[in-house]
Amino acid sequence: MSFFRLKDLIRAVRVCKTAADERGVIQRESAAIRTSFKEVDSQDARYVNIQKLLYIYLLGYPVQFGQLECLKLVASPKFADKRVGYLGVTLLLDEKQDILTLLTNSLKTDMHSTDDYIVGLALGTLSNVASSEVANDLVDEVERLLDSPRSYLRKKATLAGVRIIRREPELFTPFLHRAKSLLGDKHHGVQMGAVALMTEMCNHTQEALDEGRRLVPVIVNQLRALLGSGSSPEHDVAGISNPFLQVAILRLLRVVARGSQQAADELNDVLTLVATQTDSTKNVGTAILYECAVTALAIPSEQALRVMAINMLGKFLGNRDNNVRYVALATLSAAVITEAPSVQRHRATVIQCLRDNDISIRRRALDLSFALINESNVKPIVTEILRVLPHADLEFKPSMVYRLSAAITLFGDSLEWRIDNMLRVLSLGGKYVNARDMFKFIRLIALEADENLQRRAARISFALLERDVSQEKMVVTGTWLVGEYADLLVARSNNPAAVAVSPTSPVGGLDDDDLDILGALGKPLAKKDSSPDNSGSAPMLAALDPSEELPQAIPEPADIVRLLSAIASSPVVSNNSRHIALTALAKLSGRFADSSSTLASIRTALSKHAQSMDVETQSRAVEFGKLLSQELDAVRSGVVDRMPAPEYTDVPYEEYVLNPTAMRMKALTIIKRPAMQPVDFVEGESATEAAARAAAEASKQSVVSDLLNLMDESPAAVTASQPTTAAKPADALADLLGGVTLSSTSPPANTAAVRHITSPTESSAGFAAEGLDTEYEIYNSHGLRITLTPSKKPKLPTVVDLLATFYNEGDMAVSDLNFLVAVPKSQKLQIQPPSGQHISVGATVTQLVRVSNPTKTAIRLRIKLGYTVDGQAQESMFEYSGFPASVV
């Protein structure tokens, strides 16, 4: 059954009770439409059928068989037929389909129509689906319509020009010649299209950018006219004259004035005028002020204007609209790179946003809080973040703990403050501390702390373990400190913060009942309140206040034994923590060798694990029990003596660990300032000649063989060799706040090339000569960044060692890492196992890939990567050949 009218089909679909019924109706109607297309050659029938096909398409069913019929309907002389036909073309076709070339003649014919609305249909369709071929064929027609006396057609033609420039940027010349007249048009629709067209051209060509800078006075006058015009019902929104055009003009000014001091000076007055005359209580006014602030920060404007922009963004943080606060926080995170003193004034408001109900606001506020940390304010900001840490979302805690550790390590002004706050981090977020930070902290205490700080750390650790053993890294660190410095732990001191603990103490003491709770549940021990409680509820443990002094305890030897025994028996601690607790118990035998009762308690505690199901636990219990026997009294003290500081490879924190936005900004600076790159001079040549030679060498290195058929050694086409290329400014800017970047009034320092990352002591000249011992980034996605570092050994000149380093820079751990590499047949490959398949947040894993290259041909790699993030498997296959010619 076929429904002749669209209304009948809609009614039939709506009465369907199940999805199967709906599919049946659609299948029958689709079959009837196909039959009608084959048997009936009537524009009226085609008109109805295309309407029904578009409705079926909106329901999500395939209707590709109607594409050619849409082109036939476009050829009809009736406006109604053309409207439906062009709508079908816009929805059912895209620029990648060859059938689109059949549309060119219809578009060209309709652009010469005497009916303006038919011309508008053609221009609208061209603006949506034009391919490169269609753009080249119809650019002359669009150019002709730009001079039309009808503002309706000029507006449509400018939008079609935007599409043409996006597909074929080299066709900008005819549009650029009319830019001034279009920007000065009195019709707001034409102005809007002209601003979009000029923005697109400036993003693609330097010639258009230069012309745009010459037209800055014209653009500024248009913006002034909007600010000073009276109320116009046709263009006003909430009492503001055409806010959409104002926003578009501000974005264009941001593009043309970026990097130009002269253009920026011409904008100072008008930006100040926008900031002072726009009503910020309306949503549209807030949008204009936001664009004004971003524009002031993105160009080399005056310092007073930049401060005013930061203050406007700070004011947005108090707005009730979550969207306004979100964009303000995001922009301030980027602005803190160049405007840190101004952003610091709004620190209190940013801290308040950490407790916002919206998770996206909390995330952005957290990023900005870490970005604000420096030597002068690290203590108050760390204290506030520690207050938030216990209540933070689980997905935030790994990143928070990692960046807290980095901030404490990088900016702590005293060793005591660093130790106290790392213990707070371990106590509040020990589950999420990575092993690197834990070992770094233990080594800090063992190597740099004096006896008083070691005693303080041990006493705080004992008090914290009394309260809670649910934080794994706190258990590991605290148990190690208690076992290593037990003799200092029990020694008396004059510290008023230390509280003596005895088995009979009613507050904080460890009697048998308390230890049963600790061992069975792994929950915080409740401080017993001496006052009566008629409610019958269990006493609650007060949360640690980061602004208060940490609790300390002075236990007796028997208390230490009972605590370590309870930790070793607790079912909630990991096996690794249990093993360290048993080792700490054994160490107590050397610290309290003169106390026979203590030694007996240690033997009893160890004997409980002599029959453990875990092999390592049982082995340690039996071996330590044997060590405590009388026949080994002579050697025991040497075995359990105090250990030296643990040895491990110290991996420094990333340069931008507290503000990842800064890394993108640095890469953007490199892209924008190619002239700032260091150039090696050859004796006798000028600076101009040296720059030209460097550019020629760079161009030679940027052309290599295509890797699509790498394993077959087949002839290849040309492709870019760099995994991270210097993108166009518009592409680079789009990655940051939807086209927002920030520039500083002072020039950036010299930086190395984008495609490699050099160490601070490595010169770019050495890189150009050798190319070895340099990191090359080959992958960066889902928080996982991979680099390759080539090196050679003098005894193996034909072998290149590639050290693959996997950095987890995201907020989630990476697991199930699988890194496979293939090379051409002329080379041989040896892959060693990785140092691990699980990468914690902020941690790194390495894997060595050895390539034997006796023929000295260019090293080309095909890589297959697999890993899991947040429970989702990620797979990627890509090629890399970005090493310089010297790495063979």
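**Figure 1. Confidence across the predicted protein chain.** The mean pLDDT of the protein chain is 80, and 81% of its residues reach 70 or more; pLDDT is the predictor's confidence in each residue, from 0 to 100. This is a predicted model, in which local features need pLDDT of at least 70 and side-chain atom pairs count only at pLDDT 80 or more, whereas totals for chains, interfaces and linings use all residues. Residues are numbered from 1 along each chain as its sequence is written, and side-chain values use heavy atoms, with hydrogens and water left out. Over residues 502-541 the pLDDT stays under 50, and the model has 59 contacts for them beyond four places in sequence, a contact being heavy atoms within 4.5 Å. A further stretch, residues 663-769, also has pLDDT below 50 and shows 163 contacts in the model beyond near neighbours in sequence.

**Figure 2. Overall make-up of the protein chain.** The protein chain contains 39 helices and 15 strands, taken as DSSP runs (helices H or I, at least four residues; strands E, at least two) and numbered from the N terminus. Of its 888 residues, 49% count as buried, that is, under 20% relative accessible area with a 1.4 Å probe, protein chains only. When contacts between residues at least 6 apart in sequence are considered, 68% join residues at least 24 apart.

Figure 3. R325 lies in helix α19, which spans residues 322-335. With a relative accessible area of 11%, R325 is buried. Leaving aside neighbours within four places in sequence, R325 is in contact with F316, L317, N319, R320, D356 and I361. A polar atom of the R325 side chain lies 3.1 Å from the backbone oxygen of N319. The C-alpha atom of R325 is separated by 10.0 Å from that of V350, 25 residues apart along the chain.

Figure 4. R591 belongs to helix α32, residues 575-591. Although buried, R591 has no salt bridge, and the nearest side chain of opposite charge, that of E484, is 4.1 Å away. A salt bridge requires a side-chain nitrogen of Lys or Arg within 4 Å of a carboxyl oxygen of Asp or Glu; Lys and Arg count as positive and Asp and Glu as negative, while His and the chain ends are not counted. The side chain of R591 has a polar atom 2.7 Å from the backbone oxygen of V640. Not counting residues up to four places away in sequence, R591 touches G483, E484, A486, D487, V640, D641 and R642.

How values were computed: Buried means under 20% relative accessible area, exposed over 50%, partly exposed in between (1.4 Å probe, protein chains only). A polar contact is a pair of N or O atoms within 3.5 Å; within protein, one must be able to donate a hydrogen and the other to accept it, and residues adjacent in sequence count only if both atoms are side-chain atoms.
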